[in-house]
Amino acid sequence: MRSMNDPASASDHAVRLDDIVVMVTGGGSGIGAATARLAAARGAAVGVIDRSEEHAAEVAADIAARGGTAVAVACDVTDDAAVASAVATVARLGRITGLVTSAGIFHGPDLAPIEQVSIDDFRHVLDVNLGGTFSAIRHALPHLADGGGSVVTIASTAALRGHGFGAGYTASKGGVDALTRLVAVQCGPRGVRANCICPGGIDTPMTGGAFASEEAQARARRAIPLGRYGRPDDIAQVAVWLLSDAARYVTGQTLPVEGGALVS
Ligand code: NAD
């Protein structure tokens, strides 16, 4: 018998997103792409927003090839006017009910010891990870608040514990977590829920294979109670649940999705 926790046995858990429109920033790769694909498979029409036009188009085409509905929009989330225009494009699919903010960077120069991180590099990471999240929420909100909506932000376990590197990354992710609570409190009375997922180490293009080697997998077996690094779909499953009506009474929460790494 297969384990319930074996990703290979993950089946359709029946959370549905029929007849809603979901916008995913960073939807061209990794966690965002997995979330866009899963939301579409569960019935949503999806706006795939990414700085990479090519990757956004690939994900949207893949969704369409499987019978889903998607529109790809090339957009840099640090450009507030471009985000406004992306929201307007996605809204042509219908009123936006779900927003997932996955666009983010892990920026080499920001990973140096803090005294060697330039203010420009620090600000650049804040601009993408935190400013981009702010812009997406700000422009999607009129749609989300027009009859109930759900915001799912993607922060990181770096928001919750000291990883010891990435000054801008850590500050930006702490900011995303706090901003999500603000949205939950401010917009709850307008029917908008907002929750923050904090992924642990997930094997995506961002991590460049760092979690895929045999050595890394051995490390995961020692350090992570569930014995492995995450996969994009592990996060997508939780994001889709938070978007869905099944999570209708859940808001303002920070949800680590890290195989238990934070509690071991
Ligand atoms: P990824 O690199 O595979 O995907 C990130 C996507 O965001 C890319 O398609 C990229 O083009 C897009 N993007 C980057 N800057 C952008 C911008 N300015 N405007 C528009 N799009 C932009 O990485 P991922 O691992 O899927 O990361 C997704 C989110 O999850 C990020 O916010 C990341 O910080 C967070 N996260 C990842 C991990 C991990 O281990 N992979 C862990 C914790 C949190």
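Ser 135 is found in helix H4. Helices here are DSSP runs of H or I with at least four residues, strands are runs of E with at least two, and both are numbered from the N terminus. This is a predicted model, in which local features need pLDDT of at least 70, side-chain atom pairs count only at pLDDT 80 or more, and totals for chains, interfaces and linings use all residues. Residues are numbered from 1 along each chain as its sequence is written, and side-chain values use heavy atoms, with hydrogens and water left out.

Is Ser 135 buried or exposed? Ser 135 counts as buried, because its relative accessibility is 6%. Buried means under 20% relative accessible area, exposed means over 50%, and partly exposed lies in between (1.4 Å probe, protein chains only). The side chain of Ser 135 makes a polar contact of 2.6 Å with the side chain of Asp 80. A polar contact is a pair of N or O atoms within 3.5 Å; within protein, one must be able to donate a hydrogen and the other to accept it, and residues adjacent in sequence count only if both atoms are side-chain atoms. Ser 135 also touches Val 77 and Val 83, with residues up to four places away in sequence not counted. Contact means heavy atoms within 4.5 Å.

Now go to the loop between strand S4 (96–101) and helix H4 (119–144). Asp 110 is found there. Asp 110 is buried, yet it has no salt bridge. A salt bridge is a side-chain nitrogen of Lys or Arg within 4 Å of a carboxyl oxygen of Asp or Glu. Which side chain of opposite charge is nearest to Asp 110? It is Lys 173, and it is 10 Å away. For charge, Lys and Arg count as positive and Asp and Glu as negative, while His and the chain ends are not counted. The side chain of Asp 110 does reach the backbone nitrogen of Tyr 169, at 2.9 Å. Leaving out residues up to four places away in sequence, Asp 110 touches several residues, including Val 117, Val 125, Gly 166 and Tyr 169.

Gly 166 comes next. It sits in the loop between strand S5 (149–154) and helix H5 (167–187). Gly 166 counts as buried because its relative accessibility is 2%. Apart from neighbours within four places in sequence, Gly 166 is in contact with Asp 110 and Leu 111. How far is Gly 166 from Ala 40? Their C-alpha atoms are separated by 33 Å, and the two residues are 126 residues apart along the chain.

An oxygen atom of the ligand is 2.6 Å from an N or O atom in the side chain of Ser 29. For the side chain of Tyr 169, the corresponding distance from a ligand oxygen is 2.7 Å. At Ser 102, a polar backbone atom lies 3.2 Å from an oxygen atom of the ligand. The protein covers 94% of the 810 Å² of accessible area that the ligand has on its own. Such areas come from the Shrake-Rupley method with a 1.4 Å probe, and for residues only the protein chains shown count as cover.

Charged pairs are the next stop. How many salt bridges are there? The count comes to eight. In one of them, Arg 37 pairs with Asp 62, with the closest N and O atoms 2.6 Å apart. Arg 37 lies in helix H1 (residues 30–41) and Asp 62 in helix H2 (residues 53–65), so the pair ties together parts that are 25 residues apart in sequence. Arg 37 is partly exposed, at 36% relative accessible area. Arg 66 also forms a salt bridge with Asp 62, at 3.2 Å between the closest N and O atoms. Arg 66 is exposed, at 68%. Glu 214 and Arg 221 form another salt bridge, with their closest N and O atoms 3.2 Å apart. Glu 214 is exposed at 54%, and Arg 221 is exposed at 51%. Shared partners join Arg 37, Asp 62 and Arg 66 into one network of salt bridges.

Finally, look at Phe 211, in the loop between strand S6 (192–199) and helix H6 (214–223). Phe 211 is buried, with a relative accessible area of 18%. Phe 211 and Tyr 229 are 18 residues apart in sequence, and their C-alpha atoms are 6.5 Å apart in space.
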